[in-house]
Amino acid sequence: MGLMDALYLGVSGLKTSQNAMNTTAHNIANAETPGFVRQQTVLTDFGYNNIGGNKISTWQKGMGVDTQVVRQVRDRFLDQSYRRESGRQGFYQVQYEAAFEMQEVMGELEGVQFQNSIEDFWVALQELAKEPDSIVTRATLIQCGVNFIQHAENIYEQIQTYQIDLNTQIREKVDRINEIGDEIKELNSKISFYECTGREKANDLRDTRNLLLDELGGLIDITYEEQSDGSVSIRAEEVPFLLEDHVFYMDTKYISEDSEMLVPYWPAFGNAEVFSFDRSPNPVDDTDIGSLKGIILARGRKAGKFTDIPMKPERADFQDDPSYEEALAQFSIAAKQYNKEINDSVIMATQAQFDQLIHGIVTTINDILCPNKEIMLENGETILVLDTDKASVGMDKDKTMGTELFSRKSMERYQELKEVTLADGSKEWVYIYNAEDATNNYSLYTLGEIEINPEILKDRSKLPLSKNTNTGDFDIDVAEKLLTAWQEDFATLNPNELSYNNFNNYYTALIGELGTRGEKYQTLSETQESMVNSIDNERHKVMSVSTDEELTHLIKYQHAYNAAARYVNVVSEMLDHILSTLGV
């Protein structure tokens, strides 16, 4: 080996040792920088020169050492696991927050519980039965009814407000997802530029990009792949999101013209909605990932109503088996629809169940105060009319009949007195009942459309509690029916339940299910959080900087540098001796 070659050999040692010390110093300086991944200098042979050989081997001369790459020390499998599990944790966290908010609105965590309004109304009914002729007890019943409806309406309005306010969070998350897409696209461009020679890795830029991928994984389900030029392509919810230098942005739109609910969609892919809820979210299918999806599921696609809860048909209500079997089949279809569209949404399910309770109480009391009966007209049509034979009357001078306690804001209970022809050809003057129609919200005794009858508020004597005998006596049967009906079972909490509940037990079951659901989501969220932390700890074991270890490496590379420097000094002295000997 020539002395000049030997000198270059020593210089390569100086350069690589200096590069390794710089990398180590960079690690130490960024030990506390969020997202920083420790870097490692990988050394390799600079190359060899063939100087001869024989049949057995080739004689080679080494040309020194070189820096092969300064690489990041991280585990891709742990990165993918972290992003998937953090997305799942975010999904269940927002579910828990929604359930917690529902309990708070109901006053179950603090404030005035709605249970108190139910109990006050029940006590007022009992007091009315004790003193039926007392104007005070009637006034108390009416006032309890006012408080009951006001409290119920206030709760329902708060739930709707919270439901609609989630649109803001949805917009913010969609905007952030698009921002992350733009930022990663910009980083892709810079990384590709710096790494195009194949000699250098843009590790600090990769750290920033990985932090963005961590954040994106918590917002939405993603898969990604690194390309040969160092850029990454991303798919979100199985749809291309970032390809090369193009971001397919997400946007939001209202579900329909008359809807107040926003959903994210892909303008570039036929305006298709981002999320599909054809399958109930579950960890087996990995359909429970991303806080954005969790918010949309918790919020639902509309305001839940009692009409969303199908009621299982009773065999006693049908005269023949075929009609009962047909009704049972329709119930089965409706129950599946409920589980698919309503039950998975904590807000919609709470709204529907709460509305069913209010509807049950309101219609039960109204139907006792203003009983209806079926009549058949000459054209075969069956209609409901006020049963004037069984109806009670008010204490007013006109002995008013058919005055309900709870009324619909936009529709009277009965049409004007009308003469009709019955199936037997006879004629009768009747008050035709304006029946509820699921397709017409104004016809429903549903929250948002109920109020205490203004006629009764103006004149409490119109409350129909007296016998229809012109004697002015209190109708004790009405009081007994009110007390009995209150304690009778009226509905199941949802189509998946078999147990029927009375009004008090129904509310208890509603709150119990809400609490159970919230506890389930909290447990899942905490379990996922523990898993995410565990994975993150494993990641940090691999990629975090240990200052003690780095100082050890620094000393090692310093010794290597010193050794190379001494080697260069020896070669330099040899050259100087040779030149001096030759008299140069």
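Buried means under 20% relative accessible area, exposed over 50%, and partly exposed in between, with a 1.4 Å probe and protein chains only. The model is predicted: local features need pLDDT of at least 70, side-chain atom pairs count only at pLDDT 80 or more, and totals for chains, interfaces and linings use all residues. Residues are numbered from 1 along each chain as its sequence is written, and side-chain values use heavy atoms, with hydrogens and water left out.

**View 1. Glu237 and Glu244, two non-glycine residues with positive phi.**
Most residues other than glycine have a negative phi. Glu237 has a positive phi of about 50°. Its place is the loop between β6 (232-236) and β7 (239-243). Strands here are DSSP runs of E, at least two residues; helices are runs of H or I, at least four residues; both are numbered from the N terminus. Glu237 is buried, at 15% relative accessible area. Glu244 has a phi near 55°, also positive. This residue lies in the loop between β7 and β8 (246-247). Glu244 is exposed, at 67% relative accessibility.

**View 2. Helix α3 against helix α11.**
Two packed helices are described by the angle between their axes and the distance between the axes. The axes of α3 (residues 114-130) and α11 (residues 503-543) come within 11 Å and cross at roughly 175°. Axes are lines fitted to C-alpha atoms, for helices over the stretch in contact, and angles run from 0 to 180 degrees between N-to-C directions. The two helices are therefore roughly antiparallel. The cut-offs: under 35 degrees is roughly parallel, over 145 roughly antiparallel, 65 to 115 roughly perpendicular, and the rest oblique. Phe114, Gln115 and Ile118 of α3 meet Asn504, Tyr507 and Thr508 of α11. Contact means heavy atoms within 4.5 Å. The contact residues divide into 3 nonpolar, 3 polar and no charged. Ala, Val, Leu, Ile, Met, Phe, Trp, Tyr, Cys and Pro count as nonpolar; Asp, Glu, Lys and Arg count as charged; the others, Gly among them, are polar.

**View 3. Aromatic pairs and one aromatic cluster.**
Rings of Phe, Tyr and Trp (its six-membered ring) pair if their centres lie within 6.5 Å; planes under 30 degrees apart count as stacked, over 60 as edge-to-face, and the rest as tilted. By this rule there are 19 aromatic pairs. Phe193 and Tyr194 have ring centres 5.4 Å apart and planes at 75°, so this pair is edge-to-face. Phe193 is exposed at 58% relative accessible area, while Tyr194 is partly exposed at 43%. Phe490 and Tyr506 form a tilted pair, with 5.2 Å between centres and 50° between planes. Phe490 sits in the loop between α10 (476-487) and α11, and Tyr506 in helix α11, 16 residues apart. Phe490 is partly exposed at 21%; Tyr506 is buried at 0%. Phe490 and Tyr506 both belong to an aromatic cluster whose members also include Phe114, Phe121, Trp122 and Tyr507.

**View 4. Charges over rings, and Asp79.**
A charge sits over a ring if NZ of Lys or CZ of Arg is within 6 Å of the ring centre and within 35 degrees of the ring normal. The charged end of Lys253 sits over the ring of Tyr265, 5.0 Å from its centre. The charged end of Arg539 sits over the ring of Tyr82, 4.0 Å from its centre. Arg539 also touches Asp79, as do Arg74 and Tyr224, not counting residues up to four places away in sequence. Asp79 lies in helix α2 (residues 76-105). Asp79 is buried at 4% relative accessibility.

**View 5. Arg209 in helix α5.**
Helix α5 spans residues 203-219. Arg209 is buried, at 3% relative accessibility. Not counting residues up to four places away in sequence, Arg209 touches Ile184, Leu187, Asn188, Ile191, Glu226, Gly230, Ser231 and Val232. Arg209 and Ser231 are 22 residues apart in sequence, and their C-alpha atoms are 9.9 Å apart.

**View 6. Ser332 and Ala29, each with a C-alpha separation.**
Ser332 lies in helix α7 (residues 321-343). Ser332 is partly exposed, at 34% relative accessible area. Its C-alpha is 8.8 Å from that of Pro495, 163 residues away along the chain. Ala29 is in helix α1 (residues 3-29). Ala29 is exposed, at 62% relative accessibility.
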